[in-house]
Every structure is written in C-alpha cells, then in structure tokens.
Amino acid sequence: MNISIYLLLWLIPLVLLMMGVWFFRSGPGSRWLAGKKINQRQLLEDALKLIFNLQQDGRPPDKFRLAVELKLDLPAVQALIARLEAQELVVAQHGILSLTTEGQRWALQVIRAHRLWERYLADEARMPLEKIHSQANLREHHMTVEEVDSLDAALGYPARDPHGDPIPTAAGVLRDLKDRTPLNEMKPGQRGRITHLEDDTPLAYAQILAEGLYVGQLISVQENNRERVVLSDDSNQFVLAQAIAENVSVHLEAPKKTADPSIIPLGNLPSQLQAEIVHIDDRCQGYTRRRFLDLGLTPGTMIYPELENPFKDPRAYRLRGTLIALRHNQASYIWVRPLSNEIQ
Amino acid sequence: MNSTLTPQAVLDRAESLRPKLSSGFRDEIVKSLYAEVERITRRSVKIGPKKKWDFDQKIDRLVTSPVLGLLIMLLILMAVFWVTIVGANVPSGLIADFLFFIEEKAADLFTNIGFPWWVTGFLWHGVFRGLAWVIAVMLPPMAIFFPIFTILEDLGYLPRVAFNLDWLFKRVGAHGKQSLTMAMGFGCNAAGVISARVIDSPRERLIAILTNNFVPCNGRFPTIIMLATVFVAAAFPPLVASFVAAGTVLGVVLVGVFFTLLVSWGLSNTILKGEASAFTLELPPYRRPNIGQILYTSLIDRTIFVLWRAVQVAAPAGAIIWILGNIFVGDLSLAQHVADFLDPLGILIGLDGVILLAYIIAIPANEIVVPTMMMVYMGVGMMTDIPDLGSLRALLVDGHGWTLLTAVNMMLFSLLHNPCATTVLTIYKETKSYKWTILGFVIPLALSFLVTFLVAAIVRLLGGG
Amino acid sequence: MVKRISSPCADCPSNVDLEQMGVKLGKFDRVVALAGNPNTGKSTIFNRLTGLKQHTGNWPGKTVTRAEGGYEFNGVKYKLVDLPGTYSLLSVSQDEEVARNFILFGQPDCTVVVTDATALNRNLNLALQVMEITDKVVIAVNMMDEAHRKGITLDTRSLSRDMGVPVIPVTARTGEGMQTLLVTIADVINGKIRTKPLRVEGSVEMKHAVSELSTQIEKLYPNTPNARWLAIRLLDGDERVEKAILSGEIAKLVRSQKRADIRFSKKMAVEGHQ
C-alpha cells in the first residue's frame, strides 16, 4: 500500500477545506461575500472623514492630499471624487473639495462611530490604548445609525474618546472643547489637567503612554526649556522632549495649595492597614468602574486588605462587610488615604 | 406647550440635558445612594465587639497561605477525584451487569417470539446497548462527583480556589474562576460549559467555554486510565505499576491544563481581544451547606439533566454502531470498510482507522469509544468490552499492531479532540452564536490532529514507533 | 429544572397557611418578585416559600434566566419570581437587565428585596434602587442568626422608618420570620400597609435634570408611578426605556396596573364577606 498517495488524498481536501473556511469567514473572501458595495462604502467613508479632518485643521483638501492619505493613485482618486460629487456629498471649487451638509453629516457619523469604538475598546475590552485606533478604523464602517446609537447608549453617552477628542452627538454636533493648552506652552509652576493626547503620530503617542500619562491626570510643570518639559503628578516625575510634549494638551487649573502625599493606590496599601477610599482614577472606565461602584467602592468607604493570594496577586479586601478580591492593576486605580489604626 | 409634547421631544430633551451633567452621572447616582445607605445604617445597625469573625479569617489565612494553602487545595481536589473514580467502579459494574442482563433476556424473548434477527439486534444490541453503556459509565461518577463539588461550592471553598489560582489564569488573559469551570469539566464538559456562567466578564467567560474541552470528562477518563494501565504501567513491575498508571493519568491531565492555558492565551490575544473584559471575585463567608438540598439539586439539576441529554444522543449512536457492524458489503462489515478508508489518516497521526472510526461514532458520547473499537477489532456485531487486561493487551498489540506510540497518541487524542455533541449543543445554548460553537469544535479538533501528528512524526524520526 | 413537590415540607413553621405549589398551578392572583445581592440567601427564601429545591450557588450569575414558583397564603395564590442576584440595577450586564426589566415592565405586585444582615451597608443600595422603580417593596433582612453570632444588632423599626417600606428580619435557614414576611407581602399588596419609599435626590445638577425630565414624562404619560426612575434611566441611556417611551408602552403599563388593582380589590372584597 502506497501510504503517501493515501496521505495526499486525505491532506489535500483537508487543507483546501480549512483554507476555504478561513477565506470566506475571516479572510478576503468574507469581504467579497459581503459584496463590493461595502468596500466602496468604506472608501467613501474614509474620504469623507479625511476631508472633514483636513477642513478642521485648516488644510485645504484637494485630490493630491486625498491620494497621499488614502494611498490611492490619481485616477482612482478622481473616480472617487466623481462619485462623491455624484452623490452630492462633496463640491469641488478650483480643485478644493468641501463637504455638503449631507457629506458633513455622514463624515460626523463615521467619526462618531470611530470614537465610540475607541471608547468601547479602551473601557470594555481594556485593549492597550496604542492599539485602539487601528481597531476602531476597522469597526467604524458598515454601521447603521441605529447601531451607532445603541453603542452610544451602552457606553453611557461618553463625551470624549480615550484620547480626549470630543465625540459627535447623535444630532451631529461636535462639541468644541476650548480647554486645550499645549503642554509646551505652560510655564513652570502652572498646574492643569490633561485633556487630550494626540494620537496622529503613533510613535509620539506610544512614548506618551509609556511614560504613564493619561487623560484626566492632574499635573504641574516643573521645568520647561528648549530641550525638555518636566512635569509631576505628586507621586511621579515625567520628562518629555519638546517634540513629544506638543502632543499633550492641558486644561489649566488654579495651583493647589499643597500636594497630598498621604494618598496612595490601594494596591500599595500594606496588609491589614485600614484606609479610606478617596477616589477612583479616571483611567478606570466602563464595566470595571461600574462594577467597582456597585460593589460599594465609593469615596469615604473604609477598606483594608485582609487576604493575600499565595502568589501575592490578587488580594482580597474587606469592605462593607464583604470580602472582594481585586487584582493589583485594578487596585492601583483606587486611591486611598491610609488611617493609622491597624486592624488587630 | 402641553399639546405639542411628543415622546421624541422627551428623548431629545434628555439628550440635551445629558452634556450638562458632570461626566460621571452613573458615579454620581451610586455615590449618593451609598451615602444614603451609610446614613441610614449608622443609625440602625450596631456592630458589637468582634467574636466569630476570627474563625472565618483563620480558615481563610490557612487556605490561601503560600505552601499549605496550595497543598490543601491539591489534596482536596485529588481526594475528590479519587473518591469519584474508585467509588464509581463498583456501581458502574453493577449497573452494567444489570442492564446487559436485561438486554440478553429481552433479546432472547424477542427471538423466541419470532421477531427477525435484525429487529432484535437493532433494538436491543444497538439502541439499548448504547444507552446501557452510557448510563453505566456516566451515572455513578456523576452521582458522586457533583454532590461533593456542590458541597465544596456551598461551603464557600471554591471561590478561594479561584482566588488562589487567579494568578496563573491572569497570565493567560483568563479569570481565576475558570479553574472551577475546569474542575466541573472533569464531571462533564457540558456541565463545565454551563458553569462558566459564574464568570461575569464576557471575554473570560468565552475563554472558559471554548477551552473546557481540554479537561477530560468522566466519559473519557476510563479510556485514559485503561490505556495508562495496559500500556504504560505494564512495562513496570507490579509493585510500582499502579503508581506509574496514576502518574501517567496525572500527566495527561497536566497536558490538558497546559493546552487550556495555551489556548486561553492564544484566544485572548487574537480573536477575543475585542470582547469586553473585567475582573471581580467575591469571597463569600463560609456557610454550612444544606446537605439535603445539595443531594436533591445535584442529582436533579446536574446529574439527571446531563444524563438525559446524553441518553438522547446515545440511543441513535447505538443504532448507528449496530448498523455499521452488521451490514456487510462484500466480506467486510460497513464498519470495517470505513475503518479501512480512515486507516491512512489514522496511521499518519500514530493511530489507526478503527480508532478514528470509534471517535467519529462517539461524537454523541465519548463513553462508547472503547467498546466500539473492540467491536470492530474483534469483528463482532455489537459493542464489546474485554475486562481482562492481559487479553486486551494481546488483542491490541499482537492482533492489531498497537505500540506505545499508539497508546500515547490515543490518550492525547482523547484529551484534545473535539467535544462531544452534548457539549457542542451546550456551547451553542450558552453563547447563542454559531461562530463560537464552530470554533469550540474546530480548535480542539485541529489541535488534536496537529499534536498527535507531531508526536508521531518525531517518534518515527527518532526511529521508534 | 423545576419539579412539583407533593409532600409538604415538614419543618415549615406555617404549614397551615402556606400551601406549597409547584410552578404549574394555573392561575395566580398576584406576582411577587424576589430581588437581592448574590450570597444573601435569596434562593433559600424562594425554596422556603415554594418548596422548590433550587440551587443557585454562591455565585452571581447562576440564575441567568429567572426561576418561578408559587405559593398560596390565606386563599390568595402568589406567583414568586426569583430574579438573578445582582449588586445593582444600573449596569448593562445581562443579569441586571433581566432584573431591571422585570421589575419595571413585568410589574410585580410586590418586590421583596432580600438583604444580608451582616452586610446591610452594601445590600441596601439595591433596595434603594428597587424603591426608585416601584412603591410596593418589602425588605427582608436575612441571616439574622449569623448577624447575632457576629454581635451585630439591628433596629429594623428605625430602618423601616428611614427606608419608608416594611423591613422584616428573617432567618431563611430555620424559617424564622417567614410568616411575618408573608403577612407583610399580602398587606403591602392589598394596601393595608402604605409604603412611602425613600427616594435619593443626589447632587444639585442631577436633581434639576431629573426633575425637569420627570415632569415632562408625567405630562406625556399621566399617573406614571416611576417617572423619576424613567428620567434617570433616560439620562443614563437605557435603550429599553427609550423604546418604551417612544412606543407608548409606558402608558399601557399604567393602565394595566390600574386594571389589576381593581380586579384584586374586588376579589378581596368578596373574600372579606365570607
């Protein structure tokens, strides 16, 4: 018996079957199956979003910019623009494109979907922040208005995406947030809350995240010169190059009298030491935050670490008469003020 | 004004009010509720000096302590399995004897009345025998395992196990409670899949559901024990043989745990990374379990429930096996033909066609793998068992060319292959999604072929096998 | 898995009045919902009352679909619905949605919130949330024996005064207090006990937004009993509530509530004459 022939007889259909399943379920075939229409629509939506963003930034959108940003050749861009015009989404004047009312409505819809997905991925799926932008780019298309609405509702109608950009409302209103002072324009001694982290340049964004800065963080500038900006948030110091610092925007706040060094993350609270919850960090959002609140982790509540797992993480905390286990990274979102009296 | 008020206007008003509220509207609600609760309880609840608390705390310290805690956990789990396996042996045998006795008598009766042989065979040696086999193998271990497990659950010990092991599961992106769904999976994978409800985070729950199959349920355990005894332990002197057998079974379980963690890690970093995720685990106070209620519920809710589902699929499987074994094309039975056709693929992964045939037929219920295999090997017309290990070994090794590789690969295949029909159905019921159900079937199947193929290839390369 | 238990439970303290029934008993006069945090012994109370041996374990999320059973007390047939154990009714998890929607749209005649006497300052949070939706609430403080062992003393009278609804201490394991609980449920339903649930106002800006919106809802659907709650849900973004307001389902709820009340009071009047 010639085994190899039998093997081939078996293996080839098996491999073909597996490839076929992959191709139509998640590979290129799935998009082909869904029809070319959606592909076209995706391109259309990307173009609308791009034109909107260019307009916002004050850069006149023309076919060359579109070609560069969408990675298309000129004939393809021209065909695209022709389609946009035919659908009355865009009007061209002297080669400069501008959105019609309908075009703007659609563009805002896509931006809304994008930023809501970013919120979802960051809060509910707890995906690393540097990864959410590309994922949201995939998910923002193929959505009906109703689907976007229910996503919005499920997330509790958030006002901003995780980078601090405003999310358009269902009516298509893009709230203008004026509270943005670039970090590199701040003077030493000034305080403020971070309101926006620019994610257009992925490298700079990754570096900002690696430093540990986040939207909602309260910082004060200690040093600002040609080379670098030094800031601190009471417990840590951050050093950023000027090129990086310009990607961080801050809402200025009145300088606080004194820092409160007695407030520490719950994760660092020594065992058996009682503490009072001060607040839950802004980084902790979505399901986890709601669950924390539902469990009674509200400001003013007494809490202490009662049990440690054999591997030190998670720990179980006694609060409101019950024992709740939290992982270390979760517990560091909860800020507490240790009290002097020890349990037992 | 009043007359123009429409439902839509109210919704629009809500939308325009929303941005004016502080961003943490939900925070605000919960905070004010809890503030009120604090105010009220301060007035009406008086907490005296602590007394009883210390007892709970001492136990907690003990069961979560670094060395002793893990040791206690291991001992308890091993004790549960030992009691289940050993305790189930005798009743399993009795039930089997009884049911097969009925089968024999009923078949005789049918023959005497004058029914054609194929009616008798199909009904009694096919359908009934399939049922009998599944019940005999499945019922006793479940009737022992589930009550014990429920007692541990009601005592409040199981959440501590989840607490102890969370460290491990966190590393692969899963939830500590998955350890409990796995433990439940030893009883029955379908029950394990259902128990994944205790995980309230969608992503971790899906991981627990899709990987539960890598824990051998008690339909597969006997096969693994049999192989470990006959092939691995037989090479050792009798004195250490049983230890070797136990060690081998433990090894297989550990391989299963390894693949559970590996696949969990893979899933959480690929297809599941966009699913919602969170971690909470409450450690309830220790409470005295209500034994009567436990016996009732674990028997009714779990054992009978699972058994009933298995019976529904075992009867048709029994019928199919009988048909395959009794319809002849040329000199060979249908079963033999199918086995011959499957043979090359089987050999490729270190098994043979008969084993693969048995696994295909056993998709409804894994308990019937070995009896189906024996039926084809011995060329008889109904599922058969060989109680004597010596002659079993002789049949497999001398008669059908089994080697150590065949045995090891069959253990691996049994551990990793696709879940049984009941489990697949349960996955669908729990996830309501074809996508996850198909994945829950395909991932283990692909993995089982891959692993056994690699093992076979390596052994053959090294000149073994 | 529900089964009819034919033998009456021997250790029940109230064998005379409480006829235990399986779920399949035809018509029910009243529906009582059972809500509560996980680990509060909700299922034990359910089993006590209905005679069903239901196991829900120590875990949130065990009862993903709701369990139902029934009992008869003083000639009135009650259907008891065991809702999933939840910490709150505000989140989006499946369990909480089931519980929330049942209390709002299922319109139970009375909702019993089961709490753990040893963890009241956590459990009452849920009670307050249920009291936002419905007036007909009874709080059962379970595990009184355990509280006693731990040296916790409760003033249920003051608790009841503060919450504005009856608070009944029970120990479901032994059956203590169950009789009082049954009487109280009946009294709340037939109006002998008038509840005046405590409603939490919250911060100033929240109060304004909620009261403005609830005024509008009341204008739109007069006699809505829980306009405040609906307003909160709208602000929080609850699609189910949005849909119910758009479709006019809310108005229907109000009407059906009234009809049921009339029917029941007639029945009570007839029985009262016997």
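Strand S13 (322-326) of chain A pairs with strand S2 (residues 281-283) of chain B through three bridges, and the two run antiparallel. Strands and helices here are DSSP runs, numbered from the N terminus: a strand (E) has at least two residues and a helix (H or I) at least four. Two strands count as paired if DSSP finds at least two bridges between them. Within this pairing, A:Leu323 has B:Leu283 of S2(B) as its bridge partner.

A word on what you are looking at: this is a predicted model, in which local features need pLDDT of at least 70 and side-chain atom pairs count only at pLDDT 80 or more, while totals for chains, interfaces and linings use all residues. Residues are numbered from 1 along each chain as its sequence is written, with chains lettered from A and ligands numbered from 1 in the order in which they are written.

## Where chain A meets chain B

The contact between these chains involves 39 residues of chain A and 35 residues of chain B; two residues are in contact if their C-beta atoms, placed from the backbone, lie within 7 Å. On the side of chain A that touches chain B, the elements that give two or more residues are helix H1 (3-25), helix H11 (286-294) and strand S13 (322-326) of chain A. H11(A) supplies the largest share, six residues. By type, that side of chain A has 22 nonpolar, nine polar and eight charged residues. In this count Ala, Val, Leu, Ile, Met, Phe, Trp, Tyr, Cys and Pro are nonpolar, Asp, Glu, Lys and Arg are charged, and the others, Gly among them, are polar.

Chain A holds twelve helices and 14 strands. Of its 344 residues, 35% are buried, meaning that 20 or more other C-beta atoms lie within 10 Å of the residue's own; exposed residues have 12 or fewer, partly exposed ones lie in between, and C-beta atoms are placed from the backbone. Among contacts in chain A between residues at least 6 apart in sequence, 59% link residues at least 24 apart.

Six strands of chain A make an open sheet with antiparallel pairing, in the order S3-S8-S4-S5-S6-S7. Strand S3 (181-182) and strand S7 (237-241) of chain A each have a single partner strand, so each edge strand has one side without a neighbour in the sheet. Further in, strand S4 (residues 191-197) and strand S8 (residues 248-253) of chain A run antiparallel and share six bridges. A:Ile194 finds its bridge partner in S8(A) at A:Val250.

Confidence in chain A averages a pLDDT of 81, with 87% of the residues scoring at least 70; pLDDT is the predictor's confidence in each residue, from 0 to 100.

Helix H9 (residues 202-211) of chain B is mostly covered, with nine of its ten residues buried. Its buried residues pack against helix H7 (178-187), helix H8 (189-195), helix H11 (238-269), helix H18 (421-431) and helix H19 (434-461) of chain B. B:Val90, by contrast, sits in helix H4 (residues 68-113) of chain B and counts as exposed because it has 10 C-beta neighbours inside 10 Å.

## Cores and the strands of chain C

A nonpolar core is a set of buried Ala, Val, Leu, Ile, Met, Phe, Trp, Tyr and Cys residues joined through C-beta atoms within 7 Å. The largest one has 253 residues, and C:Leu34 is among those with the most contacts inside it. Helix H5 (residues 117-155) of chain B gives the most to this core, 16 residues. A second, separate core of 17 residues includes A:Val250 and A:Ile244.

Strand S4 (residues 76-82) of chain C is mostly covered, with five of its seven residues buried. Its pairings are listed here.

| Partner of S4(C) | Sense | Bridges |
|---|---|---|
| S2(C), residues 30-36 | parallel | five bridges |
| S3(C), residues 67-73 | antiparallel | seven bridges |

C:Leu34 has C:Asp82 of S4(C) as its bridge partner, and C:Phe73 has C:Val76. Two residues separate the strands in the hairpin of S3(C) and S4(C), where C:Asn74 takes a positive phi near 50°.
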